[in-house]
Amino acid sequence: MSKRIAGPEIERLIQLLSKVPGLGPRSARRAALHLIKKKEQLLAPLAAAMGEAVDKVRVCSTCGNVDTADPCMICTDARRDSGTIIVVEDVSDLWALERATAMNAKFHVLGGTLSPLDGIGPDQLNIKQLVTRVAEGGIREIILAVNATVEGQTTAHYLTDQLSGFDVKVTRLAHGVPVGGELDYLDDGTLAAALKSRTVF
Amino acid sequence: MEWRDEGIILGTRRHGETSAILEVMTRAHGRHLGMVKGGRSRRQQPLLQPGNRVELIWRARLDEHLGLFQAESLESNAARLIDSAIAVYGLQTLAAHLRLLPERDPHAALYETLSVMLAHLDDPHLAGELMVRFELMVLEELGFGLDLSECAATGSRQDLVYVSPKSGRAVSRAAGAPWRDRMLALPGFLAVTAGRGAALNDVEDAFRLTAFFFTRHVYEPRGMQQPDARAGFLAALRKHHAAPASHHGESAA
């Protein structure tokens, strides 16, 4: 049995930090030690920020995004094009698209993809809310920004079926060569998809 | 323990932050699961998509362990198939059917049929008929095969239009006439003497036929539901046949 090297409070901190993505037990120990060393500058503000987040963070009842207000800042932003909704799998995808600042549209977070292997069906995803948003009117285009995986595309096809009764244009992201990508290093599937969806230059 | 085999990916499940549990249908080792270290990396993810054919090396200390898979691409089918609704629902349906088989139980004939299916799954004129034939094969491999070669009552091979829900055997029009309300329809393309090509109505009849025996012999005894993807597959076929020829592009866009 390994000997304890710190009190239960520190051990608990290490144990909780080790559950954060990207951190294992070793790196959690380093992070905990760093926080403890910078108790006033880092640990106390971090604890306060986390406490505040616990109290205020909620899931937007309109789009499924996480924010401190419901509806979220994106849903209430009047400068955004409310006629276009970008559908994403997860909040991390929403943040990635927002970082790209390519489109000033509204979003809808599904909360995953249809996955029979993991037992995730349409009822476990935020699909009904999307259909309700479209049914309320004022939407011209739905952009399906789901991952280019079989599960992602199954979800995209399912959504297309669900939205087929509405007068709304349904589009999806292009599949192909990433910026900075070298053809020699790309897998055959991506190359085939890129050739299939080639455009006039 | 170590073996090498060819396999078709049925699904992947996340395992931890970087790894994946891979489910494959192999030629000699049946449906098999194993862990792929780094399976969620940018390099590995496109390879580990359902439908792709891969060369596999499986290693484990003991045979009963989950083991580690090393996969190398042989054929990237997923990228070709994901644009078609029929194909993606078809892929999920095939995987759901293969999950009815016990793990690590070789079914070489099913593997070969699966390879053929993947080549034609995005062809709406063939996919329905092929799926029905695949379902009949799965039923047979599970021990509930239907005998559609001759009439159960008369032994005749002509004019077979019914299937007895009791025995799962074909019945000719004349012999089945008194019980026609209780009989299941046998679509022409499934009869031994039939040529190739099936109309949508026939495919739907055939799906009803296989669904009946799947439900009775497999789903009900195991307390399972029919896979949602199967209904999606049929709906996508119907949609394709209902759409005017100019709309047969099939993409979500």
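Biologist: Which residue of chain A forms a salt bridge with B:K239, and how far apart are the closest N and O atoms?

Modeller: The partner is A:D161, and the closest N and O atoms are 3.1 Å apart. The pair crosses between chains, running from helix α7 of chain B, residues 228-242, to helix α7 of chain A. Please keep in mind that this is a predicted model.

Biologist: How many salt bridges are there between chain A and chain B?

Modeller: The count between chain A and chain B is 4 salt bridges. One of them joins the side chains of A:R172 and B:D83, with an N to O distance of 2.6 Å. Over all chains, the count comes to 24 salt bridges.

Biologist: Which elements of chain A each supply at least two residues of the side that touches chain B?

Modeller: They are α7 (150-162), β6 (169-172) and α8 (188-196) of chain A. The largest share comes from α7(A), which provides 8 residues.

Biologist: How do the residues on that side divide by class?

Modeller: The side of chain A that touches chain B has 11 nonpolar, 10 polar and 7 charged residues.

Biologist: How many residues does each chain bring to the contact, and what area is buried?

Modeller: Chain A contributes 28 residues and chain B contributes 27 residues. The area buried between the two chains is about 2,300 Å², and carbon and sulfur atoms give 55% of that area. On the chain A side, A:L117, A:V150 and A:H157 supply 32% of the area buried against chain B, more than any other three residues.

Biologist: Let us turn to chain A by itself. What are its domains?

Modeller: The domain assignment gives domain 1 at residues 8-56 and domain 2 at residues 73-172 of chain A. The C-alpha centres of these two domains of chain A lie 34 Å apart.

Biologist: What does UniProt list for residues 83-178 of chain A?

Modeller: UniProt, in an unreviewed entry, lists "domain: Toprim" for those residues of chain A. Over residues 83-178 of chain A, the chain is 33% helix and 20% strand, and the end C-alpha atoms are 28 Å apart.

Biologist: Now chain B. How is it divided into domains?

Modeller: Chain B has domain 1 at residues 2-76, while domain 2 is made of 81-148 + 186-247. The C-alpha centres of the two domains of chain B lie 24 Å apart. Their contact takes 23 residues from domain 1 of chain B and 18 residues from domain 2 of chain B.

Biologist: What area do those two domains bury, and which residues of domain 1 lose the most?

Modeller: The two domains of chain B bury about 1,600 Å² between them, 56% of it on carbon and sulfur atoms. In domain 1 of chain B, the residues that lose the most area to domain 2 are B:M25, B:R27 and B:R31, together 41% of what that side buries.

Biologist: What about salt bridges and polar contacts there?

Modeller: There are 2 salt bridges across the interface of domain 1 and domain 2 of chain B. The side chains of B:R99 and B:E23 meet in a salt bridge at 2.7 Å, N to O. Between the two domains of chain B, 10 residue pairs are in polar contact, both residues being at pLDDT 80 or more.

Biologist: Which strand gives the most to the domain 1 side?

Modeller: That is β1(B), with 5 residues on the side of domain 1 of chain B that touches domain 2 of chain B. By class, this side of domain 1 of chain B has 8 nonpolar, 8 polar and 7 charged residues.

Biologist: What does UniProt place at residues 1-73 of chain B?

Modeller: UniProt places "domain: DNA replication/recombination mediator RecO N-terminal" there, from an unreviewed entry. Over residues 1-73 of chain B, the chain is 0% helix and 58% strand, with the end C-alpha atoms 22 Å apart.

Biologist: Last topic, the backbone. Where is there a cis peptide bond?

Modeller: A cis peptide bond joins A:D70 and A:P71, with omega about 0°. A:P71 lies in the loop between β2 (66-67) and α4 (73-76) of chain A.

Biologist: And what is the phi of B:R104?

Modeller: B:R104 has a positive phi of about 60°, although it is not a glycine. Most residues other than glycine have a negative phi. B:R104 lies in the loop between α2 (85-98) and α3 (108-120) of chain B.

Definitions and conventions. Residues are numbered from 1 along each chain as its sequence is written. Chains are lettered from A and ligands numbered from 1 in the order in which they are written. This is a predicted model: local features need pLDDT of at least 70, side-chain atom pairs count only at pLDDT 80 or more; totals for chains, interfaces and linings use all residues. Side-chain values use heavy atoms; hydrogens and water are left out. Domain bounds come from an automatic or database domain assignment. Contact means heavy atoms within 4.5 Å. Buried area is the accessible area (1.4 Å probe) that two parts lose on being put together, summed over both. Helices (H or I, at least four residues) and strands (E, at least two) are DSSP runs, numbered from the N terminus. Ala, Val, Leu, Ile, Met, Phe, Trp, Tyr, Cys and Pro count as nonpolar, Asp, Glu, Lys and Arg as charged, and the others, Gly among them, as polar. UniProt positions are given in the numbering used here, feature names are shortened, and annotations may be inferred rather than shown by experiment. A polar contact is a pair of N or O atoms within 3.5 Å; within protein, one must be able to donate a hydrogen and the other to accept it, and residues adjacent in sequence count only if both atoms are side-chain atoms.
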